[in-house]
Amino acid sequence: MVAMNAYVMRHAESTNNALGAATIENDAREHDPGLTARGEAQCARVRARGGASASARGAGEVDGGDRASREVEVWSSPMRRCLMTADALARGLGVRFGVRGDLHEHGGCFRGARGGAGDGGGVVGLPGMTKAEMEDAFPACDVPMELEHGWWSPERGCESVRDAQERARGTAEWLWARARAMNALEEPAKDLYIVAHGMFIDMLFKTLFNVPRTSGKQPSLFCSQNACVHKLRFDVAEDGESVGLQMFNDVTHIPEHDRSGGSIEGLDVAYTKEGSA
């Protein structure tokens, strides 16, 4: 049996995170924010962690029962805060990284706030960064042609929680498909690094672990601090498939004074206010 490891990371602190309440009721939110100074400091730590992992792989050390020399892939959300974090990670690991449109945060790319005129309130949808813009800003990334003109459909405005949950289900299916292919020796065993968002990670984990997915007030939450690392292990066997959470919200690479995010309140308001975290 060949198991697949997936390291799921939340992006470093964004300028929207620093607002405290970056819901679509907040006019101060940016549609695709960059990082704060603290977020940039977190990225430096992410790069160092990636470098340490690359060194371990080069030495063939054992990590969690697997040879650390396994190949790695890095995948990022197309949103700027994730691209900046993934770029730091990939540079540390010494690899290029890819972009998947389905990893974006709940809400999509939009500006404005509720309460304006029209069916969508004051929300105006935007296409997001194009393939050329992403590859120009981040030369180490590879963007698929499907994102040539951007990754979001402006006419959708702000994505609903239900639609985001369905998108997370598709990402979970992609992960399982990769795990099955590795187990069948259809592709080499690899470790996947995925850089995404707090609310989307919560939705993805609820899908993988069969936790009820609801809108509004949430009875349970998987909270992620900025630049944290979760480790998932996908096992495919004749007697069944299982996914284990082997590491949760690891921020040991971030000094305490530079840690941020991960509050229950912050994630809860993203669901109850239908806003992008």
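Modeller: What follows goes from the chain as a whole to single residues, and the model is a predicted one.

Colleague: Fine. How many helices and strands in the chain?

Modeller: There are 6 helices and 11 strands. Of the 277 residues, 55% are buried. Among contacts with a separation of 6 or more, 71% are between residues 24 or more positions apart.

Colleague: What is the strand order in the open sheet of 7 strands?

Modeller: The order is E8-E5-E4-E9-E1-E10-E11, and the pairing is mixed.

Colleague: Which strands stand at the edges?

Modeller: Strand E8 (141-142) and strand E11 (240-250). Each has a single partner strand, so one side of each has no neighbour in the sheet.

Colleague: E8 and E5, parallel or antiparallel?

Modeller: E5, residues 97-99, runs parallel to E8, and 2 bridges join them. Phe97 is opposite Cys141 of E8.

Colleague: And which strands does helix H1 lie across?

Modeller: H1, residues 37-58, lies across E1, E4, E9, E10 and E11. The angle between H1 and E9 is about 175 degrees.

Colleague: What do the buried residues of H5 pack against?

Modeller: Strands E1, E9, E10 and E11, plus helices H4 (161-183) and H6 (264-272).

Colleague: What comes after H5?

Modeller: Asn210 follows H5, and the phi of Asn210 is positive, near 55 degrees.

Colleague: Now Glu105. Where does Glu105 lie?

Modeller: In the loop between E5 and strand E6 (110-111). Glu105 is buried and has no salt bridge.

Colleague: What is the nearest side chain of opposite charge?

Modeller: Arg81, at 5.2 Å. The salt-bridge cut-off is 4 Å.

Colleague: Which backbone nitrogen lies 3.0 Å from a polar atom of the Glu105 side chain?

Modeller: That of Phe200, one of the buried residues in H5.

Colleague: Last one, Gly262. Where is its place, and what does Gly262 touch?

Modeller: Gly262 is in the loop between E11 and H6. Leaving out residues up to four places away in sequence, Gly262 touches Arg10, Cys223, Ser224 and Gln225. Gly262 and Ser224 are 38 residues apart in sequence, with their C-alpha atoms 4.6 Å apart.

Colleague: How does Gly262 count by relative accessibility?

Modeller: As partly exposed, because its relative accessibility is 25%.

Technical notes
Residues numbered from 1 in each chain as written. Predicted model: local features only at pLDDT ≥ 70, side-chain atom pairs only at ≥ 80, totals over all residues. Heavy atoms only, no water. Pairing = 2+ DSSP bridges. Helix = DSSP H or I, 4+ residues; strand = E, 2+ residues; numbered from the N terminus. Contact = heavy atoms within 4.5 Å. Axes fitted to C-alpha atoms, helices over the stretch in contact; angles between N-to-C directions. Buried < 20%, exposed > 50% of the residue type's maximum accessible area, 1.4 Å probe, protein only. Lys, Arg positive; Asp, Glu negative; His and termini not counted. Polar contact = N/O pair within 3.5 Å; in protein donor to acceptor, adjacent residues only side chain to side chain.
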